[in-house]
Amino acid sequence: MIIDMHIHTSFSPCSNINIHHLLKRAVEIGIEGICITDHDTTAAKKVIVDSIDKYGICVIVGIEYTTSKGDFLIFGPVESLHSGMTIEEIFQWTNKEGGIAIPAHPFRKSRPVDINILPFFEVVESSNGRNSAFENNLCNEWILNSGNNYRGIGGSDAHTLDEVGHIVTVFKNNIYNCEDLISELHKNTFSPKIYLR
């Protein structure tokens with residue numbers, strides 16, 4: 001199953017993507033699922049509820065959460081997150097709520113994740129559509145050399161419709177909702193991929 005794990009809509013101040021146009025675009029290019037990860041908001045949920053059945057793809061609303069140690073893609077009952085949480089509080093939240101936090105673009109020159117906390121995460125965003133090839137390679141080298149079975153996902157980090165699906169994550173099993181996504185992320189049955197559409 002092909003999912004773009006990192007997409008911003010017009011609910012992020014840096015994106016111009018209309019949600020209905022996003023869903024239509026995902027169908028056009030053959031993506032089976034998308035994760036909407038707006039900056040520090042889950043406002044997209046209000047629009048998505050009435051649109052999913054029409055387009056027939058899996059739509060999961062997470063969040064790209066900003067911390068002093070970097071940005072994190074978070075999935076689960078993200079409406080219960082509050083602003084200003086520390087990394088320690090995010091770990092407590094994921095344990096309590098059954099969510100998952102994934103360091104976003106950890107080796108990017110701009111807004112990287114603190115490398116000292118990476119070993120505490122089982123999954124990292126190893127391929128990001130807005131990173132340079134060098135930045136993505138740094139992350140993949142870190143994963144290969146870490147020796148701790150780290151796993152990498154891919155996402156376009158789209159802020160425009162043309163970027164949607166540029167980099168995706170291919171899952172072995174089907175995903176129908178956020179619970180399925182979190183379950184599959186705890187397994188080693190997926191890989192990031194440049195999606196040639």
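Predicted model: local features only at pLDDT ≥ 70, side-chain atom pairs only at ≥ 80, totals over all residues.
Local features need pLDDT of at least 70, side-chain atom pairs count only at pLDDT 80 or more, and totals for chains, interfaces and linings use all residues. Residues are numbered from 1 along each chain as its sequence is written, and side-chain values use heavy atoms, with hydrogens and water left out.

The structure holds six aromatic pairs; rings of Phe, Tyr and Trp (its six-membered ring) pair if their centres lie within 6.5 Å, with planes under 30 degrees apart counted as stacked, over 60 as edge-to-face and the rest as tilted. One of them is the tilted pair of F107 and W142, with 6.5 Å centre to centre and 50° between the planes. This pair links distant parts of the chain, 35 residues apart. F107 and W142 are both buried (under 20% relative accessible area, 1.4 Å probe, protein chains only). Ring pairs also join F72, F91, F120 and F121 into a cluster.

The elements concerned are DSSP runs, helices (H or I) of at least four residues and strands (E) of at least two, numbered from the N terminus.

| Element | Residues |
|---|---|
| β4 | 63-67 |
| β5 | 70-75 |
| β6 | 100-103 |
| β7 | 123-128 |
| α5 | 133-146 |

An open sheet of three strands runs in the order β4-β5-β6 with antiparallel pairing, where two strands pair if DSSP finds at least two bridges between them. The edge strands β4 and β6 each pair on one side only. Strands β5 and β6 pair over four bridges in the antiparallel sense, and F72 stands opposite P103 in β6.

Terms used: Buried < 20%, exposed > 50% of the residue type's maximum accessible area, 1.4 Å probe, protein only.
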